[in-house]
Amino acid sequence: MITVKGDILKVKTTYETSPNIALVKYWGKFDEEYILPLNSSTGITLSTEDLQTRTTITLTNKYKDIKFLLNGQPHPVSGRLKKILKFFEDKALAALGEELVPLQEGESQDTKRKTLKEFLNGDLSQLKLKIKSVNSFPTASGLASSASGLAALSVCLFDVYHMKEEYEFQRSVIARLGSGSASRSIYGGLVEWTGVPHQYLQKKFESKNNEIQLSEQEYEQLSKLCIAKQTHNETFFEDLDVFVVAYSFESKEVPSTSGMLQSTQTSELLKYRALNTAHVHIAGVKKAIEEKNYNELARLVRLDSNQFHAVCLDTTPPIFYLNDFSKNMINFIHQLDSALEYHVAYTFDAGPHAVLLVHKNHTTQVLRAIYEAFSINDMSSLSQRAQQTLKQAMQSELPESIQKIIQTNKPKITTTPSYIIHTKVGKGPTKI
Ligand code: DP6
């Protein structure tokens with residue numbers, strides 16, 4: 001929205017976004033500069049009602065310099081953020097300059113309206129950005145905060161500069177430049193991000209030091225190809241609930257950017273995965289969703305998560321994102337299979353936290369089973385919605401088969417999660 005008070009002009013927008021959690025993981029870049037992924041990935045965007053990044057961007061002549069506040073703390077404008085902002089500097093700003101300034105107090109409809117450029121006496125460089133971003137969940141802890149944060153930044157920037165549909169494909173490219181997984185977070189439902197075609201991968205893997213020379217034109221082509229698209233909207237996921245089970249809120253040891261670089265340079269398994277399995281898992285996941293085959297979905301999602309962590313272990317030096325909590329969770333979910341009609345899918349990103357996809361028929365039972373088996377004993381470790389779900393679960397007895405699994409597994413479970421969020425697959429970025 002454009003507002004004017006005296007000499008001060010403001011263009012302001014606010015969006016809420018949420019992380020897109022990969023069901024088939026992106027791990028490894030074909031090119032670091034353009035952020036082109038070695039393999040395609042697909043993931044679900046969570047509902048902004050339960051976890052969100054709220055970003056407000058103001059473009060104004062009130063400030064002398066750009067301001068960036070992340071969770072209330074000033075942050076430098078460097079690296080990837082700088083690169084993103086560069087995209088908007090000239091072309092986008094020039095287009096925005098042609099927008100009309102709204103009427104001010106005392107002006108009548110007949111007043112000749114000025115463009116932004118005229119209002120600023122032709123000097124659009126007076127407009128400086130203020131970016132304010134707040135996460136409702138821990139930043140840099142392996143909970144995909146960068147995906148959510150950079151998706152928010154991208155959609156806000158396109159809106160604040162009044163860049164419309166013709167820029168649709170760039171929205172994905174710009175989010176990608178911020179963080180690969182952010183390109184999936186700018187849409188809701190199930191979102192697929194296309195990887196580099198196999199012939200390029202083969203050339204790269206066969207070359208010395210994994211380096212291949214491509215022309216600028218070829219890179220531009222690949223950049224246009226490697227964008228994210230929604231394949232299934234959120235209505236395909238009405239049968240499923242999502243639990244984000246966070247272990248601790250500490251920052252992760254190896255950030256995903258450097259972790260995947262190490263894997264790309266050293267892991268043979270990563271090459272095998274990029275060439276042979278990721279696309280097969282994606283096709284399987286899409287088919288399972290369309291056919292409502294939730295056990296097949298769980299099988300593939302688990303398999304892909306475990307394969308990604310196997311690649312991490314196959315990296316030199318090895319990377320361990322899974323810890324005892326993650327292992328306890330994996331074992332427990334497998335144990336539950338014998339008692340559930342629909343199996344629970346688990347997936348772990350570059351951190352120990354579990355994301356679980358649970359059929360709605362089992363939501364209350366699964367939450368209660370985790371609550372008891374992991375000795376949580378404290379309602380404040382649950383989000384509002386998770387607390388309601390647990391209360392509902394407490395109204396009836398758990399089936400004997402689940403009770404038995406809890407009893408036999410509880411002594412082996414040595415860890416307790418710090419927080420559980422109950423959510424669903426969401427619609428994607430929401431303008432506030
Ligand atoms: C394990 O998108 O954070 O979550 O592109 O370097 O910013 P950069 O990496 P990032 O990596 C995410 C990795 C992952 C899997 C996924 O989300 O697909």
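Helices here are DSSP runs of H or I with at least four residues, strands are runs of E with at least two, and both are numbered from the N terminus. Residues are numbered from 1 along each chain as its sequence is written. The model is predicted: local features need pLDDT of at least 70, side-chain atom pairs count only at pLDDT 80 or more, and totals for chains, interfaces and linings use all residues.

Start with one residue. Met-329 sits in helix H12, which covers residues 324-336. Is Met-329 buried or exposed? Met-329 counts as buried, because it has 26 C-beta neighbours inside 10 Å. The cut-off for buried is 20 or more other C-beta atoms within 10 Å of a residue's own; exposed is 12 or fewer, partly exposed lies in between, and C-beta atoms are placed from the backbone. Leaving aside neighbours within four places in sequence, Met-329 is in contact with Val-245, Tyr-346 and Ala-354. Contact requires C-beta atoms, placed from the backbone, within 7 Å. Pro-352 is 23 residues from Met-329 in sequence, and their C-alpha atoms are 9.9 Å apart.

Now step back to the whole chain. The protein chain has 15 helices and 17 strands. Of its 432 residues, 45% count as buried. Its C-alpha trace spans about 75 × 60 × 40 Å along the principal axes. Take contacts between residues at least 6 apart in sequence: 80% of them join residues at least 24 apart.

Next comes a sheet. Four strands form an open sheet in the order S3-S6-S11-S12, with antiparallel pairing. Two strands pair if DSSP finds at least two bridges between them. The edges are strand S3 (20-24) and strand S12 (228-232), each pairing on one side only. From one strand to the next, the twist averages 35°. S3 and strand S6 (residues 41-45) run antiparallel and are joined by four bridges. Val-24 stands opposite Thr-42 in S6. Helix H10 (residues 268-290) lies across S3, S6, strand S11 (190-193) and S12, at about 105° to S3. Axes are lines fitted to C-alpha atoms, for helices over the stretch in contact, and angles run from 0 to 180 degrees between N-to-C directions.

Last, the ligand. Which residues come nearest? Of the 16 residues around the ligand, they are Ala-22, Ser-179, Gly-180, Ser-181 and Thr-257. Helix H4 (145-160) and helix H9 (256-266) are the elements that give two or more residues to this shell. Near means that a residue's C-beta atom, placed from the backbone, lies within 6 Å of the molecule or strand.

Definitions and conventions. Contact = placed C-beta atoms within 7 Å.
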